[in-house]
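Here are my notes from a first pass, as numbered points. Have the structure open as you read.

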Amino acid sequence: MPAPAIQMTGIDKRFGAVHANNAVSMTVEKGTVHGLIGENGAGKSTLMSILYGFYHADAGSIAINGKPSLIRTPADAIHSGIGMVHQHFMLVETFTVVENVMLGAEGGAFTARGASAVRAKLQALSYAYGMDVNPDAVVSELAVGELQRVEILKALVKGADILILDEPTAVLTPTEVEKLFVLLRRLAGEGKTIIIVTHKLKEIMAVTDRVSVMRRGEMVGTVETSNSSPADLAELMVGRRVVLTVEKGPANPQGVVLDVKDLTVRDARGTVRLDHVSFQVRAGEIVGIAGVSGNGQSELLEAIAGIRKPAGGAVSLNGELLDCGGRDDPTALRAKGLRHVPEDRHRMGLVKPFEAAESALLGCSDEPGFGSGPFLDRDAVLADCVRKMEAFDVRPADPRLRTALFSGGNQQKIVLAREIERDPKLLLIGQPTRGVDIGAIEFIHKRIIALRDAGKAVLLVSTELDEVLALSDRVLVMCGGRITGERRPEDTNEQDMGLLMAGVSSDAPKVAA
Amino acid sequence: MSARTAPVWLTAGVVPLVNVAVAFLAAGLVVALIGENPIEALGIMLRGALGSQYGLGYTLYYTTSFIFTGLAVAVAFHAGHFNIGGEGQALMGGLGAALVALSLPFLPWPLLLPLCVLGAAAAGAAWVFIPAYLQAYRGSHIVITTIMFNFLAATLLVYLLVGPMKMAGSMAPETARFVPGATLPLMNQMAAWFGLTITRTPLNLSFIFAILAAIFVWVLIWRTRLGYAIRTVGANPDAAVYAGISPARITVIALLISGGLAGLMATNEILGVQGRLINEFTAGAGFVGIAVALMGRGHPFGIVLAALLFGVLYQGGAELAFDKPKITREMIIVIQGFVILFAGALEMMFADRIAALYARLTGKVVAA
């Protein structure tokens, strides 16, 4: 048996007081696709950063192809044949594919020779692995799936035998995911070694040979994918049994709560981000918006929530026409029963340096219950936060603890508690479980369904297709700022959704000009 | 990273103390290099600043100005802005106080004096309004505009003091004396009201104002809805927009308060000591305020302590320069520079290491 491609032994890393990797060992066999999963903060990224030379381990050793290797910088890693494809692509947008790939290998003061060498290599690789990428295309004009192939090619041109992919599917449509997986299997078949870091269990099951699971800085197990199941892996990740399916009864939709007609949003440059979008949300139903991120979902939420002024169209809440972003700013809308859980809790939903109680006050600081006149009553603020923390099982239940110190799931629970506990008529909720650990996902899903069953209207935006399908009573698919279709979750499948998400098929009845 | 998980007494207490100690060590080295005994020099400084009623009076007099300018920087800081125009706003504060004092001399003092104090605050606030507006609604960087407004304020004051506001027949660039009802009583006068005798120093009633201003800022920032809005805008403007707080509006309000506090610095020098408007009376207090606010970590209590430290440096430094001819006035500025460098600009240099040491000593592992 050949030496394993990667053997990390006893890797230990502390950041100040945080023990990010505690004597972690991992072995990856040559020519396999190896999954690395774990919840946020489990230490996956630290481990991969050590392997790629971003961090230096406090203790432990790494052997590449059986040879002990000292990897101190990314350059050492590349030299050892390791390539990394980051979740956020590291490409120069104004450069062509060739120019991007030759970065760091320009071959002297004049670039012509380097460019032709890179071009030849690109062609050979594209041919060998069936990746069709135009070498002269400008990167800013490529689709996301193509960008990812450029990143993979970049690593391969530099001679990578071992590829690390960090959350590679986060920005892809189901079809693109499919394509990527075919490519990864093919690369592995040619003897390359692939490590894929993800939190999506389904993908792990689909593409990997073996899976390593991390929990709280420790490696809790490596299993053959074929001998495992999503439920087993989830249990390893969380340390207890979790329910992966969402249980909900049929919806009982009542009157229309939110009525959106021809809503159009332009960004600061005047580009149309939302193009005549119309739909309704009724009381007692969850309407989900599916789509690859960046197709207008954020703009839709922000326009309805009064954060962004639309360029045209009408939004009504319970029959009352709203002046979103004008007179109806977020404060006025909150008073009318519209609550909003923003897509990005770090950017908008919380103030990370604040203590939890103050983050739980965001958007509510003018309520009379929190003080008199210009003053804030700190005891009332703390007491309110304690109540919310109890209702949503936030741990640790300490309202004085700084927001940034809570885990992703608990931060999200603070935001949800703040918005749901105010008895909304309409809840806008974006990415309810992004960066949230599996245990908390279960809880958050139950809460959203409970809200629906209490007769509230819910508009849900998520880029996790499974989540949208599991939670929603109706699903709208968005692509390029338009709604390309509406489906009932029980009447659709992944392929159908994928085509709508890619904008390939569309059953938009009429697009008002 | 790790500094976040350390207890408050460590980050707000031990870390600044270490910084100051290092600053004094570096300054001590310089003193030793020019052939003086650093221990002796430190002794002279401390005795000169704190060892007598006279020294303490001067120390607290300097402290008063630094509290005002430090608070001014801190309030803007909480809104996420760097108001380095304290110098100009304080100069204009002096102008505001002088305009009230000179144009309404017939008013009885219970009316005139509060108006003079308000005039100082209002003029300081007015001077920051244009930079604040440009920052909030036009995106012009406040650092650039407030620096420029410092120059404008200085030139405007020179123009007024050699021209329209100059006392008739005087050669000096200064206004006529204010009526007694427009000046603040000195501390020794006030002590005399209670039958106490203390040495006459420039320390005056505005010291009490400074302490009240510190309490006001604390209540404002941590106990009011406006303060919450200011801190939200400063820490996360996107979250503020999400919450329905207008960052532009809060920026203007916070900077007006900041300018007002800087303007109040003039109550110490102009209403308290000079009793007339003179040129360049701020003597750099606006800039010291930046170091004071940084060192005090934007907290009024820390600012009062940091202002006191700089008061000690100013008064003790003057004594030292007087006692040791080799240590010139410029040397004192070098020492102050070290304190600003280590306690202000490099305040985080030792923070992580101290936190790591603490973690090792206590064996506490705090999750991030």
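1. Which strand do 4 bridges join to S13(A), and do the two run parallel or antiparallel? The partner is strand S19, residues 474-479 of chain A, and the two run parallel. Ile289(A) is a handy place to look: its bridge partner in S19(A) is Leu476(A). Bear in mind throughout that this is a predicted model.

2. S13(A) also pairs with strand S18, residues 457-461 of chain A. Here, too, there are 4 bridges and the strands run parallel. Ile289(A) turns up again, with Val461(A) as its bridge partner in S18(A).

3. Now the charged pairs. Searching the whole structure over all chains turns up 39 salt bridges. One of them links Lys202(A) to Asp466(A), with 2.9 Å between the closest N and O atoms. Lys202(A) sits in helix H7 (residues 201-207) and Asp466(A) in helix H16 (residues 465-471), so this contact ties together parts of chain A that are 264 residues apart in sequence.

4. Glu442(A) and Arg240(A) make another salt bridge, their closest N and O atoms being 3.9 Å apart. Glu442(A) belongs to helix H15 (residues 438-453), while Arg240(A) is in the loop between helix H8 (230-238) and strand S11 (256-266), so parts of chain A 202 residues apart in sequence are tied together. Glu442(A) is buried, with a relative accessible area of 18%, whereas Arg240(A) is partly exposed at 41%.

5. Take a look at Asp453(A) and Arg452(A) as well, whose side chains meet in a salt bridge at 2.9 Å, N to O. Arg452(A) counts as buried, at 2% relative accessibility.

6. Finally, a network. Salt bridges with shared partners join Arg339(A), Glu367(A), Asp384(A), Arg387(A), Lys388(A), Arg418(A), Glu419(A) and Arg422(A) into one network.

Terms used. Residues numbered from 1 in each chain as written. Chains lettered and ligands numbered in written order. Predicted model: local features only at pLDDT ≥ 70, side-chain atom pairs only at ≥ 80, totals over all residues. Heavy atoms only, no water. Salt bridge = Lys/Arg side-chain N within 4 Å of Asp/Glu carboxyl O. Buried < 20%, exposed > 50% of the residue type's maximum accessible area, 1.4 Å probe, protein only. Pairing = 2+ DSSP bridges.
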